[in-house]
Amino acid sequence: MPLVGRFSSALLRSAVRPGPAPRGYISGPPQHPLSTAETVVGMVAMFVSCLGPAAWVLSHLEDYKKPE
């Protein structure tokens, strides 16, 4: 039993101890603004990935209704 207790306390010791603050998160306006072309490409990609499958299903709705 003491072995299990030492093992569990060793595992929990690192979880209880606070670590360094996460770095790399920058708040505020972007340091390098995106160009208009990059914005358009990003918006088109999101539009196609979100609405593309729904448009595919709606355009092939009659094919799905057919009995096989």
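Helices (H or I, at least four residues) and strands (E, at least two) are taken here as DSSP runs, numbered from the N terminus. This is a predicted model in which local features need pLDDT of at least 70 and side-chain atom pairs count only at pLDDT 80 or more, while totals for chains, interfaces and linings use all residues. Residues are numbered from 1 along each chain as its sequence is written, and side-chain values use heavy atoms, with hydrogens and water left out.

The chain contains three helices and zero strands, in the order α-α-α from the N terminus on. Confidence is expressed as pLDDT, the predictor's value for each residue from 0 to 100. Its mean over the chain is 81, and 69% of the residues reach 70 or more. Helix α1 (residues 2-16) has the lowest confidence, at a mean of 65, whereas α2 has the highest, at 95.

An unreviewed UniProt entry lists residues 39-58 as "transmembrane region"; such annotations may be inferred rather than shown by experiment, and their positions are given in the numbering used here. In the model, this span is 100% helix and 0% strand, with its end C-alpha atoms 28 Å apart.

Accessible areas come from the Shrake-Rupley method with a 1.4 Å probe, and for residues only the protein chains shown count as cover. The chain exposes about 6800 Å², of which carbon and sulfur atoms supply 70%. Of its 68 residues, 0% count as buried, where buried means under 20% relative accessible area, exposed over 50%, and partly exposed in between.

F47 lies in helix α2 (residues 36-59) and is exposed, at a relative accessible area of 51%. Together with V40, V44, V48 and L51, F47 forms a nonpolar surface patch with about 460 Å² of accessible area. Such patches are made of residues with over 30% relative accessible area and no salt bridge; nonpolar side chains (Val, Leu, Ile, Met, Phe, Trp, Tyr) are joined within 5 Å, and like charges within 9 Å.

A salt bridge places a side-chain nitrogen of Lys or Arg within 4 Å of a carboxyl oxygen of Asp or Glu. One is counted: E62 and K65 meet at 3.8 Å, N to O. Both residues are exposed. E62 and K65 are separated by about one helical turn because they stand three residues apart in helix α3 (residues 61-65).

Terms used. Buried < 20%, exposed > 50% of the residue type's maximum accessible area, 1.4 Å probe, protein only.
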